[in-house]
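Biologist: I'm new to reading protein models. Please walk me through one, feature by feature.

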Amino acid sequence: GEFEKIRSDQLFQNISLSKSKSGSSSAVAGVPGIGKTTMVQKIVHDWATGKIFQHFQFVFSFNFRDLNTINCRVTLRELILGQYPYFRNILGEVWKKPEGLLFIFDGLDEFKGKIDFADSRRDTEPKHQCPDPEWWCEVSDIVYSLIQH
């Protein structure tokens with residue numbers, strides 16, 4: 001792929017203009033130690049302090065190192081509540097506006113599961129689809145579903 005240098009506030013520039021209901025994704029790549037994790041932390045901080053991405057109502061940040069500890073099927077709901085337990089009573093409302101959710105996954109290179117984004121069969125095989133936050137799925141299928149849709 002082709003790489004271009006951008007600032008963190010530019011990551012979702014085109015997404016906010018399109019107001020897509022199905023969602024969009026961006027990827028950040030770089031050699032180890034270049035500052036990708038620091039950038040993730042800065043994005044979350046800048047969002048929380050109102051500096052960027054105010055079109056997102058909620059930001060959920062996950063580290064693949066932590067996701068590696070999950071060895072069973074799980075729902076997106078349980079995945080979120082595992083890291084954000086204070087969302088338990090409002091998560092039902094949160095799902096109603098998926099365009100206002102930002103999911104950040106850090107450290108894909110450390111993930112022990114397999115996610116093949118080039119495998120188009122994955123979109124048609126029901127066992128790999130995870131279209132509902134209440135469905136029990138493999139972590140890799142939840143991540144794939146969020147990134148592809």
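Modeller: Let's start with a single side chain. K42 has 45% relative accessibility, so it counts as partly exposed. The labels work like this: buried is under 20% relative accessible area, exposed is over 50%, and partly exposed is in between (1.4 Å probe, protein chains only).

Biologist: Before we go on, what sort of model is this?

Modeller: It's a predicted one, where local features need pLDDT of at least 70 and side-chain atom pairs count only at pLDDT 80 or more, while totals for chains, interfaces and linings use all residues. Residues are numbered from 1 along each chain as its sequence is written, and side-chain values use heavy atoms, leaving out hydrogens and water.

Biologist: Back to K42, then. Which residue does K42 form a salt bridge with?

Modeller: The general idea is that side chains of opposite charge can pair when their charged atoms come close. We call it a salt bridge when a side-chain nitrogen of Lys or Arg is within 4 Å of a carboxyl oxygen of Asp or Glu. Here K42 pairs with D46, with the closest N and O atoms 2.6 Å apart. Both sit in helix 2 (residues 36-48), 4 residues apart, which is about one turn of the helix. Helices (H or I, at least four residues) and strands (E, at least two) are DSSP runs, numbered from the N terminus.

Biologist: How many salt bridges does the structure hold?

Modeller: It holds 4. Another one joins E138 and R73, at 3.6 Å from N to O. E138 is in the loop between strand 2 and helix 6, and R73 in the loop between helix 3 and helix 4, so this pair ties together parts that are 65 residues apart in sequence. E138 is partly exposed at 35%, and R73 is too, at 41%. Then there's E93 with K96, whose closest N and O atoms are 2.8 Å apart; both of those residues are exposed.

Biologist: What about cysteines? Which two form a disulfide?

Modeller: A disulfide is a covalent bond between the sulfur atoms of two cysteines. The cut-off is a pair of cysteine sulfurs within 2.5 Å. The structure holds 1: C130 and C137, with sulfurs 2.2 Å apart. Turn the model and you'll find a right-handed link, with 95° about the S-S bond. C130 is buried at 9%, and C137 is buried at 3%.

Biologist: Now the strands. Which way do strand 1 and strand 2 run?

Modeller: Two strands pair if DSSP finds at least two bridges between them. Here 6 bridges join strand 1 to strand 2, and the two run parallel. F62 stands opposite F105 in strand 2, for instance.
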